[in-house]
Amino acid sequence: MTVSYRRHGPLSPEAVRSTTFAMSRFGRRGCDEEDVRVFCDQVGSELAVLLSEKNSLREEVNRLRKRMNGADGKGGLLTYRPEDGHVQAVQILSRAQQTADRYVADAQQYSHDLAKDARRHRDQVLAEAHSNAKRVLEEVHQRASQAATDALDGPDLPTVSKRQELQAELAYLRTYSDVYRTHLRAYLDALLRNVDEWEKAEKSSVALIRTERPPRPSELDL
Amino acid sequence: MDAQRLKDSFARVAEYGDAVPLFFYSDLFLRHPEARDLFPVSMAAQRDRLVSALARIVSDVDNVDYLSVFLQSLGRDHRKFGTVAEHYVAVGTSLLATLAHFSGDDWTPEVAADWTAAYDLIAQVMIQAAKDDEHRPAFWEATVISHEMRAHDVAVFRVSTEQPLPYLPGQSVSMEFAGRPRVWRLYSVANAPRGDGTLDFHVRLIDGGALSMALTRKLAVGSRLKLGPPVGALTFDAASGRDVLLVAGSTGLAPLKAILEQIGGLPSPPQAHLFFGARTTEGLYDLPALEKMSARSPWLTVVPAVSGEPGYLGECGQLPDVVARSHAWQRRDIYVSGPTSLVAAAIASFASLGVPADEVHVEDFCWSEP
């Protein structure tokens with residue numbers, strides 16, 4: 001963790017890459033977090049290259065300076081001191097370490113980006129599901145309230161005066177159906193009576209014909 | 001020893017930036033190849049820590065009392081790496097060789113004598129502090145006894161240690177997981193000391209974070225951890241007698257929860273307001289426990305706040321703004337814990353509200369990262 005507001009010592013590439021900034025306060029304008037991070041990454045890498053370049057240039061200057069001194073003092077011969085070998089070994093190991101650092105940093109960066117992408121994707125999926133659920137709920141709610149309104153305003157649920165009106169109409173209809181049933185029954189009774197009379201009349205007339213003469217087959221067939 | 005000459009010498013060497021610690025570690029590993037195993041593969045962060053510690057030491061070199069406190073904790077902290085007195089000799093040799101290399105012609109016998117004297121003093125204080133600390137283990141072996149994912153990126157786990165680990169509520173311990181050797185990170189203990197000595201930790205997964213990834217995804221019941229000695233100064237000031245305001249962002253809740261448990265154990269606890277903020281409701285990973293705590297503690301008020309979820313029914317917005325709106329910050333001791341960006345924003349917010357800086361307690365992890 002790099003505490004950006006309390007630093008000691010010079011700024012290193014690693015410090016640039018890992019620096020974090022405070023969020024701007026609500027209502028104030030700030031920079032895009034991702035832009036800042038990408039930029040810090042670039043500055044860090046650039047700084048690392050420049051520092052490494054600066055270092056090797058300095059080594060080169062020292063080497064040339066020594067050569068000049070050697071040329072001045074010792075007849076043009078470059079003389080190596082025993083510690084020069086050690087310094088060279090240190091520089092070789094340092095370069096190897098820097099390579100290893102770069103590989104680890106790249107791997108970490110990759111892992112960071114991957115995790116960040118996954119997180120963003122997850123948030124997106126969640127947000128979508130959230131809004132879907134919200135929409136479905138809203139729809140259901142709307143439908144339910146529509147049904148309730150319909151039920152209140154609709155003809156199926158009469159008001160008191162309407163009900164009274166309907167009851168009156170029902171009573172009127174009941175009375176009339178009674179009347180009509182009575183009428184119908186009387187009418188049917190009369191009809192049955194007529195049918196009976198007709199039967200009786202037919203029987204008596206048939207008996208009268210039998211006494212006068214037997215029917216001929218031709219008469220019966222007609 | 002001429003303090004000013006030493007500072008000037010360091011300032012000139014420091015101009016070479018990262019090349020200085022790079023040279024130092026390469027020199028050290030060439031002379032003592034076995035020392036390489038004490039460090040992680042990538043040395044980038046390690047080099048920054050070295051330069052940062054050196055810069056701090058040099059800037060305070062004429063303020064020995066003040067410097068001693070820093071060096072003593074550094075010395076104690078190095079015990080867990082298995083650092084012994086001989087290592088200090090090796091480091092001293094490589095440090096002087098590095099300084100000589102980068103000083104060039106400025107490396108006069110006087111400057112060399114200054115640095116030798118300064119380093120001897122540094123090493124002596126660190127070695128003595130480590131020695132004085134020998135009644136305690138160099139590190140504590142711990143076993144995970146429970147582990148649960150509270151959110152997709154937040155784990156809460158409990159460990160028990162083989163030997164008791166005494167600490168103050170609000171302090172942190174560095175932690176190494178067997179699956180990630182030589183990667184130590186500081187985590188706050190999330191509870192006040194218990195009778196059974198178990199410790200709780202809250203860990204949030206950092207994208208690409210080496211240890212946080214392992215602690216959330218790989219840790220399970222039975223996993224082994226190494227814990228370093230407790231460090232940190234974000235502890236409850238019981239002497240002030242004032243009411244308290246605690247501002248916790250995400251897993252920054254851990255040390256403040258420990259402090260709340262400590263307050264709850266006092267005979268007459270002060271009034272405490274806890275603002276617990278996260279981006280989404282899922283991030284309020286410990287809210288049920290906090291609400292349970294506040295239900296049985298009349299002195300405690302818990303206010304959850306969410307910054308990135310439109311439609312949240314409680315407090316919405318960035319935590320410092322929510323706190324500023326509440327007016328609960330007046331005449332209280334303030335404790336802030338959370339991501340660096342939150343802590344910085346809270347400090348700025350309280351400053352603009354006119355709260356004296358010494359009433360705002362925050363943790364400065366800068367020095368103690370191993």
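**Notebook: the sheet in chain B, then chain A**

I began with strand E7 (residues 244-249) of chain B and found that it pairs with strand E8 (residues 272-278) of chain B, in the parallel sense and over six bridges. Two strands count as paired if DSSP finds at least two bridges between them; strands (E, at least two residues) and helices (H or I, at least four) are DSSP runs, numbered from the N terminus.

A note on the source: this is a predicted model, where local features need pLDDT of at least 70, side-chain atom pairs count only at pLDDT 80 or more, and totals for chains, interfaces and linings use all residues. Residues are numbered from 1 along each chain as its sequence is written, while chains are lettered from A and ligands numbered from 1 in the order in which they are written.

Next I looked up one bridge: Val244(B) has Ala272(B), in E8(B), as its partner.

Then I turned to helix H9 (residues 287-295) of chain B, which packs on the sheet and touches E8 and strand E9 (300-306) of chain B. Touching rests on contacts (C-beta atoms, placed from the backbone, within 7 Å). The direction of H9(B) makes about 155° with that of E9(B); axes are lines fitted to C-alpha atoms, for helices over the stretch in contact, and angles run from 0 to 180 degrees between N-to-C directions.

I also checked helix H10 (residues 319-326) of chain B, which lies across E7, E8, E9 and E10 of chain B and runs at about 150° to E8(B).

Last, I visited chain A, which has five helices and zero strands. Its pattern along the sequence reads α-α-α-α-α.

Key
Contact = placed C-beta atoms within 7 Å.
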